[in-house]
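Subject: Structure for your review

Dear colleague,

Please find the structure below, with the sequence alongside. My notes on it follow, arranged by topic.

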Amino acid sequence: MRLARFSLNDSPRYAFVQKDETDGKDYLIELDGHPLAGDQVKPTGTRYPVDGDGIRLLSPVIPSKVYGLAKNYEAHAQFMHEAGHSEIAHAPEDMVIFTKPSTSVIGPDDPIVYPACSKDMNFEPEVAVVMGRIAKNVPVEHAMDYVLGFTCVNDVTLRDLQGLDPTWTRAKGFDTSCPLGPWIVMRDDLDWKDARISFTLNGEDVPMASGTTANLIHGIPEQIAAISSFSTLLPGDVIMTGTPNASGHLDPGDEAIVHVEGIGDLRNVVVRA
């Protein structure tokens, strides 16, 4: 099952996404409530084609906060070292956790705005976890019970500022740095232990940016347990699980597409500030 947030005439709504077996197209089955607010939602009986006139997919959630894990794949840790961005040649033993504010979140097809303060914007395709329940001090063995589902995320990073700011606040938290979407695939409908990630830049596949969550150093249940030990996770909060391999440069005009097998494509275009 897929859960989407969309607008029609600037009115945000929620919907399940279903494929019509007759024409093979995706349709939005409108819901009458807010599925993350504890409401008992049900279909209104109205459906819209995903690509219909006036339909715009939004970020599937507006989280109160976003957490991310850095260097959570050995391949990415080695790439960062070889590229001169890190003095450490291998992934650290402990989790490296950072945050992005809710104002960094955008949805599918929304522009990524290249801020004037940077000259080195990078893409980082990842799988994102969306929380479905309040989680505090959650044990690893029960962590997945608190997950609503998964979506695609591009952890857009200002690499030059990352080297200047120890806390990565500007590098990771600038406006539009967290594209999410296109929708949420429910927890039991994705092989989250082996979700395959790829990236396309201007229509060309970038093989060095691909990978699978099977190679995560700290798995998703461990991430949830660790983060919930110091921070209360609310429904709709997001955890970016890490980028699997090499990242790369983005320029104004570039089209960036994150693909996660079993979820779909998240497309955004970079524009100048």
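A salt bridge is counted here when a side-chain nitrogen of Lys or Arg lies within 4 Å of a carboxyl oxygen of Asp or Glu. Please bear in mind that this is a predicted model.

**Salt bridges**

By that rule, aspartate 26 forms a salt bridge with lysine 19, with 3.5 Å between the closest N and O atoms. Aspartate 26 is buried, its relative accessible area being 18%, while lysine 19 is partly exposed at 45% relative accessibility.

Aspartate 26 also forms a salt bridge with arginine 2, and here the closest N and O atoms are 2.9 Å apart. Because aspartate 26 lies in strand S3 (residues 26-31) and arginine 2 in strand S1 (residues 2-8), this pair ties together parts that are 24 residues apart in sequence. Both aspartate 26 and arginine 2 are buried.

A further salt bridge joins arginine 47 to aspartate 20, with the closest N and O atoms 3.1 Å apart. This pair links distant parts of the chain: arginine 47 is in strand S4 (residues 43-49), and aspartate 20 is in the loop between strand S2 (11-19) and S3, 27 residues apart. Arginine 47 counts as partly exposed, at 43% relative accessibility, whereas aspartate 20 counts as buried, at 15%.

**Glutamate 30**

Strand S3 also holds glutamate 30, which is buried with a relative accessible area of 10%. Leaving aside neighbours within four places in sequence, glutamate 30 is in contact with Phe6, Arg13, Tyr14, Ala15, Lys42, Pro43, Thr44, Thr46 and Tyr48.

**An open sheet of three strands**

Three strands form an open sheet in the order S13-S10-S19, with antiparallel pairing. Strand S13 (157-158) and strand S19 (248-250) each have a single partner strand and stand at the edges, so one side of each is left without a neighbour in the sheet. Strand S10 (residues 121-123) is joined to S13 by two bridges, and the two strands run antiparallel. Methionine 121 stands opposite leucine 158 in S13.

Not counting residues up to four places away in sequence, methionine 121 touches Ile112, Val113, Tyr114, Pro115, Val156, Thr157, Leu158, Phe174, Gly248, His249, Leu250 and Val270.

**Strand S11**

Is strand S11 covered on its faces or open? Both faces are covered: Pro125, Val127, Val129 and Met131 on one side are all buried, as are Glu126, Ala128 and Val130 on the other. In total, seven of the seven residues of S11 (residues 125-131) are buried.

S11 runs antiparallel to strand S12 (residues 147-154), to which seven bridges join it. In this pairing, methionine 131 stands opposite valine 147 in S12. Three bridges join S11 to strand S18 (residues 238-240), again in an antiparallel arrangement. The bridge partner of valine 129 in S18 is isoleucine 239.

**Cysteines**

How many disulfides does the structure hold? There are zero. Cysteine 117 is in no disulfide, and the nearest cysteine sulfur, that of cysteine 178, is 17 Å away. Cysteine 178 is likewise in no disulfide; for this residue the nearest cysteine sulfur is that of cysteine 152, 12 Å away. A disulfide would require the two sulfur atoms to be within 2.5 Å. Cysteine 117 is partly exposed, with a relative accessible area of 47%, and cysteine 178 is buried, with a relative accessible area of 0%.

**Proline 207**

Finally, proline 207 is located in the loop between strand S16 (204-205) and strand S17 (211-212). At 55% relative accessibility, proline 207 counts as exposed. Proline 207 and alanine 246 are 39 residues apart in sequence, and their C-alpha atoms are 9.0 Å apart in space.

Yours sincerely

How values were computed. Residues numbered from 1 in each chain as written. Predicted model: local features only at pLDDT ≥ 70, side-chain atom pairs only at ≥ 80, totals over all residues. Heavy atoms only, no water. Helix = DSSP H or I, 4+ residues; strand = E, 2+ residues; numbered from the N terminus. Buried < 20%, exposed > 50% of the residue type's maximum accessible area, 1.4 Å probe, protein only. Pairing = 2+ DSSP bridges. Contact = heavy atoms within 4.5 Å.
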